[in-house]
Amino acid sequence: MNAIDYEHIFLHAPVGMCISENRVIQSCNEALARMFGYTRAQLTGTSFQILYPTLDEFLRTGDRIIPIMNAKGRYSDERIMRRANQELFWCHVTGHALKPNEPLGPGIWTFEDVSEKRPVTAELTPREREIAALLVEGKTSKVIARQVDLSPRTVEMHRAKLMRKFDAATSSELVHKLVGVQF
């Protein structure tokens, strides 16, 4: 029986994958590089920051990940990311910490482009992108406010702006439009 070539499997997996440490890509596969429009060499040794629309979104996401990774050892969400050509797209991201006491230390991450199901159809501010991602997770304004350190009223204001931008009459319709369900 032949030995399983795990490196070959990693490099050619159909989903974007990388190994990171302290939010720096140590190695990534072909699917991840193609998804973001870089070569593997361009991403190796690079901060995840390059994959985010803004530095602020990169920092806030890191802050949000830490307590969840500390509690569960893994993290998963859907967020808007940025390709090398500056195109924004929705991406499902899942990560697993290899050391339980180091949430952003060595880890394995997968990235799935979900833009076909969920296109980015409106110009959103970084805060609106963050709140949109949390609304898609089914979180209430109070929970979002606590999580992103804003008042519930400010979150409601952002939700109202999102509803206008997506021409949604209700919060439920907004969430459906965010996830790409057509009315």
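Reader: Why does Cys18 count as buried?

Author: Its relative accessibility is 0%, and buried means under 20% relative accessible area, with exposed over 50% and partly exposed in between (1.4 Å probe, protein chains only). Cys18 therefore counts as buried. Before we go on, this is a predicted model, in which local features need pLDDT of at least 70 and side-chain atom pairs count only at pLDDT 80 or more, while totals for chains, interfaces and linings use all residues. Residues are numbered from 1 along each chain as its sequence is written, and side-chain values use heavy atoms, leaving out hydrogens and water.

Reader: How many disulfides does a search of the whole structure find?

Author: The search finds zero. A disulfide is a pair of cysteine sulfur atoms within 2.5 Å. For Cys18, the nearest cysteine sulfur is that of Cys28, 6.9 Å away, and Cys18 is in no disulfide. Cys28 is in no disulfide either, its nearest cysteine sulfur being that of Cys18. Cys28 also has 0% relative accessibility, so this residue counts as buried.

Reader: What makes β1 and β2 a pair?

Author: Two strands pair if DSSP finds at least two bridges between them. Strand β1 (residues 16–21) and strand β2 (residues 24–28) have four bridges, in the antiparallel sense. One link is between Glu21 and its bridge partner Val24 in β2. The two strands form a hairpin with two residues between them, and Asn22 in the turn has a positive phi of about 50 degrees.

Reader: Why do β2 and β3 count as edge strands?

Author: Follow the order of the open five-stranded sheet, β2-β1-β5-β4-β3, which has antiparallel pairing. β2 and β3 (74–82) each have a single partner strand, so one side of each is left without a neighbour in the sheet. β3 pairs with β4 in the antiparallel sense over nine bridges. Ser76 stands opposite Thr94 in β4. In the hairpin of β3 and β4, five residues lie between the strands, and Gln86 takes a positive phi near 80 degrees.

Reader: What lies across β3, β4 and β5?

Author: That is helix α4 (residues 55–72), which runs at about 160 degrees to β3. Axes are lines fitted to C-alpha atoms, for helices over the stretch in contact, and angles run from 0 to 180 degrees between N-to-C directions. Thr61 lies in α4. With 5% relative accessibility, Thr61 counts as buried. Leaving aside residues up to four places away in sequence, Thr61 touches Arg23, Tyr52 and Arg79; contact means heavy atoms within 4.5 Å.

Reader: How do you know that helix α5 is mostly covered?

Author: Ten of the eleven residues of α5 (residues 126–136) are buried. Among them are Arg127, Ile131 and Leu135. The cover over the buried residues of α5 includes α4, β3, β4, α6, α7 and α8 (171–178). Just after the helix, Gly138 takes a positive phi of about 85 degrees.

Reader: Why are α5 and α7 called roughly perpendicular?

Author: The two helices pack at an angle of about 90 degrees, with their axes 10 Å apart. Angles under 35 degrees count as roughly parallel, over 145 as roughly antiparallel, 65 to 115 as roughly perpendicular and the rest as oblique. α5 and α7 are therefore roughly perpendicular to each other. Residues making this contact include Ile131 and Leu135 of α5 and Val155 and Leu162 of α7.

Reader: At what angle do the axes of α6 and α7 cross?

Author: The axes of α6 (residues 141–148) and α7 (residues 152–165) cross at roughly 110 degrees and come within 8 Å. That angle makes α6 roughly perpendicular to α7. The contact is made by Ser141, Lys142, Ile144 and Ala145 of α6 with Pro152, Val155, Glu156 and Arg159 of α7.

Reader: Why does Leu150 count as partly exposed?

Author: Its relative accessibility is 24%, which falls between the 20% and 50% cut-offs. Leu150 therefore counts as partly exposed. This residue lies in the loop between α6 and α7. Leu150 touches Arg127, Ile131, Ala145, Val155 and His158, with residues up to four places away in sequence not counted.
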